[in-house]
Amino acid sequence: MTVALVAMPTHKEPAAGVLLVAGIVLAALTEAIASTVLSLGRGDIIGDTYATSDEFAWLDVGYTAPKLIGFMAAAWLMNRINPRRLIIGSTLVMGAACAIAAITARLDLLVVLRLMQGFSGGILLVAGQAIIFLAYSRRYQPILQALFAIGSVVAPATIAPALQGWLLDSQSWTWIFFSVVPVSLAAAGLLLLAGYSAPINVARRRFDWIGFSLVSTTLFCFTYVFSQGSRWDWFEESRILWLTVIGTAALLAFLGQQAMAKGQGLLDFTLFGSEDFSFAFIVSFVAGAALFGSAFLIPSFAVSVLAFTPTDAGLLLLPSGALFIGALLIVAFLMQVPRVPPIATVPFGILMIMAAMWMLSGSTIESGADDMMPAILLRGLGLGFLFLSITLIAFGKLNDQNLASGIGLFNTGRQLGGLMGVAGLQTLIDNNVAANVTVLGANVSAGIPAVSERLAATTAMLAAKGMDPVAAGRAATSLLGRAVASQSTVIAFDSAFNAVALLFVIAAPVLVAIKIGLSRYMRKRTEQPSLELNAVPMVIATTPDMAPNWPSPTLASNVLVDRSQRQVEDTQAPA
């Protein structure tokens, strides 16, 4: 059975469309704040909850894994629940969970609340982006998706760290959770005032509990491995090894089970019949690694090496947010007015991010915000040119039936790519710090004149300030050891910045080869006469439990007219 919900904003009521988009952007902003709360507030939360590192890890895993699971379950929920009501409910759950988290220091309760925040965050991101795609014609998507990216991509990468740093220094970590509450209420209010549902044509089917269990196991295992593997030296720890084995087995079982389900499983294989989506899904891993990896490196370098406060570290990324937003709007204009194809801006984004990371690789222990700012601004500009294009490439040719599934799968790939990128960079930094200390330490010995002179000068300075000569000598040696460790850390971070730049150097030709291969494969498929697509009939539900929720009879007629106009516009718009 097929369901059609065709209530959408009309040209006669543009204010409602504005409220709809504004509400979705604010809903995405709640997820942005909640998802990044641990990046700067880690030490404060550990101190107030008396948690060990192992216990605290569950706050991180307990958010990310349910978020990924929410990505995969969102399409089915949109099939069963009015999409607008679904995003309103998810936003209110997010606000309530953050409100309770702000008034408790119980670790077990915080873990449960993080589970709720992660799952609701995944649902609202997929539902919000799908509603925008479904409610508006394709020709308006560049600017609308740029606005959505401000809340879902720009905010967690630039705006949220600045807000959180200020709240940590001026108040406490609980205020970060408190800040989500008014945003979630405002988002829910705007969505209620908008009063519209997005059109969605999907065949109702039973929920695939077996597939859901397998993919949930896979995502949980991989989330723990990628987020905690570096801390445990990867496969040197048995739990990391076993979780990797279990996750891999669950993934293979999931793919096999979905193949045997013949279109009735959790994963919609028709998505990969689109060349553009298949290519963008692969690119999402690389883009996620670049986004999350650079967002991890820059504040970490500022805090651990340059001794920035949380406020200063957060403000370091804030100016790049303005260029990020500016680039999104420029790209949207280029695609909407001169009709520039989305793929055209991708190379510019890649080159800008590569150049920015290469510039940051020259940072030293004496670097400051002014020294790093040109590279950070260039990074923001490059991300804007890259992410909107990938989004439009991925979803531009999907139909209403598999759009929500495609959005969920694409976001899952981007998040997993980010986890892989951060894990790889953290491991690279840890290994390089240890190796650099060994190499530098071997060349810093008392027999070297420069070293002896520095130790003697430092000892004399400390003794002149009243310290015992013997204690001054030991202190001078300790200070020299700290200098060696600091320089080793700087070199390790510089290597990590270079690694992000080299990621694109290696990935770019591979992605080009994949694009060519996909094009040839799809061309061969279309040349085979036996492979014909069957049209899927659309039936308007007339039963009471499936009838569309029309705001008024007049609006219903206008909606059907607008639906026809939208189809005509889409056929006339260039691909």
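Mentor: Helices here are DSSP runs (H or I, at least four residues), numbered from the N terminus. The model is predicted, so local features need pLDDT of at least 70 and side-chain atom pairs count only at pLDDT 80 or more, while totals for chains, interfaces and linings use all residues. Residues are numbered from 1 along each chain as its sequence is written, and side-chain values use heavy atoms, with hydrogens and water left out.

A cavity is a set of points, on a 1 Å grid over the protein atoms alone, where a 1.4 Å probe fits but cannot get out; lining residues have an atom within 4 Å of a point. Grid points are joined across faces, edges and corners, and a volume is the space filled by probe spheres set on the points.

The largest cavity holds about 130 Å³ of space. Its lining has 13 residues, and Gln129, Phe148, Ser152, Val153 and Arg414 lie nearest the centre. Helix 6 contributes the most, five residues. Sorted by class, this lining has seven nonpolar, five polar and one charged residues. In this sorting, Ala, Val, Leu, Ile, Met, Phe, Trp, Tyr, Cys and Pro are nonpolar, Asp, Glu, Lys and Arg are charged, and the others, Gly among them, are polar.

The whole structure has three cavities of 30 Å³ or more.

Key. On a 1 Å grid over the protein atoms alone, a cavity is a set of points where a 1.4 Å probe fits but cannot get out, and a pocket is an open set with protein on both sides within 12 Å along at least five of seven lines; lining residues have an atom within 4 Å of a point. Helices (H or I, at least four residues) and strands (E, at least two) are DSSP runs, numbered from the N terminus.
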